[in-house]
Amino acid sequence: MIADRVRAVRERISRAAQRAGRRPEDVTLVAVSKTFPAEAMREAYAAGLREFGENKVQEGFRKAAELRDLRDAGLRLHLIGHLQSNKAKKAVACFDAVHSVDGADLAQKLSRAAVEAGRLLQVLVQVDLAHEPTKHGAGEDALYPLLEALRGLPGLRSSGLMVLPPFDLEPEAVRPWFRRLRELREAATARGLLSGGAELSMGMSHDFEIAIEEGATLVRVGTALFGERRRAA
Ligand SMILES: *Cc1c(COP(=O)(O)O)cnc(C)c1O
């Protein structure tokens with residue numbers, strides 16, 4: 001039952017927030033529904049979830065159509081996977097938030113598409129901290145200029161930072177990456193490039209509690225809510 005899993009994950013979020021002296025309601029659970037059918041998302045919605053994460057534009061586009069009724073009632077779709085700039089327009093048509101902005105060219109295309117569609121798109125900059133060849137994101141040296149560019153782009157609401165750290169079976173091993181993202185938020189805030197409580201999108205099924213201890217405001221949780229994915233995603 002998805003409802004039981006939602007309850008269990010929410011309890012874990014609350015406990016982690018309390019340990020860190022934070023309020024549980026300051027952590028938003030983004031249910032990562034990639035590879036799972038729209039029906040599973042309906043079940044999760046019925047259990048109280050409103051924010052859903054997808055890593056592919058095509059899949060998000062299809063689900064947005066299948067879940068039109070729920071979107072009108074408040075379901076929001078987040079793109080958490082890499083976005084090629086030639087798919088910016090399609091992404092704007094189906095996503096409410098994009099966590100993976102990693103360059104000025106993509107930002108400009110998203111801005112143009114959002115203005116055309118008459119929408120305000122929430123965007124986060126994905127930061128590449130570990131420089132793994134398989135992962136995307138803006139390097140630390142490119143972060144401030146990109147945030148600066150985002151400030152001037154209409155149709156976009158620049159709301160924070162995202163990180164996808166190297167996978168490690170031992171959750172404690174990823175803590176330094178989460179901490180680094182928080183430090184970057186603080187530095188960007190001091191420069192007037194982000195607001196004080198800007199979002200930190202970090203933490204997945206096996207490490208979201210550590211991410212919350214380090215300040216995560218958006219945790220992206222798939223497996224702990226929907227079970228194991230059948231195919232790689
Ligand atoms: C798949 C995915 C998640 C969720 O991973 P789980 O381990 O299933 O919780 C989170 N973030 C990103 C970017 C993902 O691609």
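Colleague: Where is the place of Glu54?

Modeller: Glu54 sits in strand S2. Bear in mind that this is a predicted model.

Colleague: Buried or exposed, that Glu54?

Modeller: Buried: the relative accessible area of Glu54 is 0%.

Colleague: Which side chains make polar contacts with the side chain of Glu54?

Modeller: Ser33 is one, with a polar contact of 2.8 Å between its side chain and that of Glu54. Lys63 is another, and there the side chains are joined by a polar contact of 2.9 Å.

Colleague: And what does Glu54 touch, not counting residues up to four places away in sequence?

Modeller: The list is Ser33, Lys34, Met41, Glu59, Gly60, Lys63, His78, Leu79, Ile80, Gly81 and Phe95. Lys34 and Ile80 also belong to the residues that surround the ligand.

Colleague: Staying in the strand, where is Glu51 found?

Modeller: Glu51 is in strand S2 as well, which covers residues 51-54. The relative accessibility of Glu51 is 15%, so it counts as buried, the cut-off being under 20%.

Colleague: What does the side chain of Glu51 make polar contacts with?

Modeller: The side chain of Arg76 is one partner, at 2.9 Å. The side chain of His78 is another, at 2.7 Å. Arg76 and His78 are also among the residues in contact with Glu51 once neighbours within four places in sequence are left aside. Thr28, Leu29, Val30 and Ala31 complete that list.

Colleague: Let's move to the ligand. Which residues is it surrounded by?

Modeller: Val32, Lys34, Ile80, Leu164, Met204, Ser205, Arg220, Val221, Gly222, Thr223 and Arg229 surround the ligand.

Colleague: How many of the shell are nonpolar, polar and charged?

Modeller: Five residues of the shell around the ligand are nonpolar, three are polar and three are charged.

Colleague: Which polar side-chain atoms lie 2.6 Å or 2.8 Å from an oxygen atom of the ligand?

Modeller: Ser205 has a polar side-chain atom 2.6 Å from a ligand oxygen. For Arg229, a polar side-chain atom is 2.8 Å from an oxygen atom of the ligand. There is also a backbone case: a polar backbone atom of Gly222 lies 2.8 Å from a ligand oxygen.

Colleague: How much of the ligand's accessible area does the protein cover?

Modeller: On its own the ligand has 390 Å² of accessible area, and the protein covers 90% of that.

Colleague: Switching to rings. How many aromatic pairs in the whole structure?

Modeller: One. Phe36 and Phe226 form the pair, which is stacked, with the centres 5.3 Å apart and 25° between the planes.

Colleague: Where do those two lie?

Modeller: Phe36 is in the loop between strand S1 (28-32) and helix H2 (38-46), and Phe226 is in helix H10 (residues 223-226), so the pair ties together parts 190 residues apart in sequence. Both Phe36 and Phe226 are buried.

Colleague: Which residue has a phi near 55°?

Modeller: His131, again a residue other than glycine with a positive value. His131 lies in the loop between strand S5 (121-128) and strand S6 (138-139). With a relative accessible area of 57%, His131 is exposed.

Colleague: Back to helix H2. What about Tyr45, buried or exposed?

Modeller: Tyr45 is found in helix H2 and counts as buried, with 13% relative accessibility. A polar atom of the Tyr45 side chain lies 3.4 Å from the backbone oxygen of Ala73. Ala73 is one of the residues that Tyr45 touches, leaving out those up to four places away in sequence, and the others are Arg50, Phe52, Leu70, Gly74 and Leu75.

Colleague: Last one. Where does Val174 lie, and what does it touch?

Modeller: Val174 is in the loop between strand S7 (156-162) and helix H8 (175-190). Val174 counts as buried at 1% relative accessibility. Not counting residues up to four places away in sequence, Val174 touches Pro165, Pro166, Asp168 and Asp207.

Note on methods: Residues numbered from 1 in each chain as written. Predicted model: local features only at pLDDT ≥ 70, side-chain atom pairs only at ≥ 80, totals over all residues. Heavy atoms only, no water. Near = heavy atom within 4 Å. Polar contact = N/O pair within 3.5 Å; in protein donor to acceptor, adjacent residues only side chain to side chain. Areas by Shrake-Rupley, 256 points an atom, 1.4 Å probe, with all protein chains shown as cover. Nonpolar A, V, L, I, M, F, W, Y, C, P; charged D, E, K, R; others polar. Helix = DSSP H or I, 4+ residues; strand = E, 2+ residues; numbered from the N terminus. Buried < 20%, exposed > 50% of the residue type's maximum accessible area, 1.4 Å probe, protein only. Contact = heavy atoms within 4.5 Å. Phe/Tyr/Trp six-rings, centres within 6.5 Å; stacked < 30°, edge-to-face > 60°.
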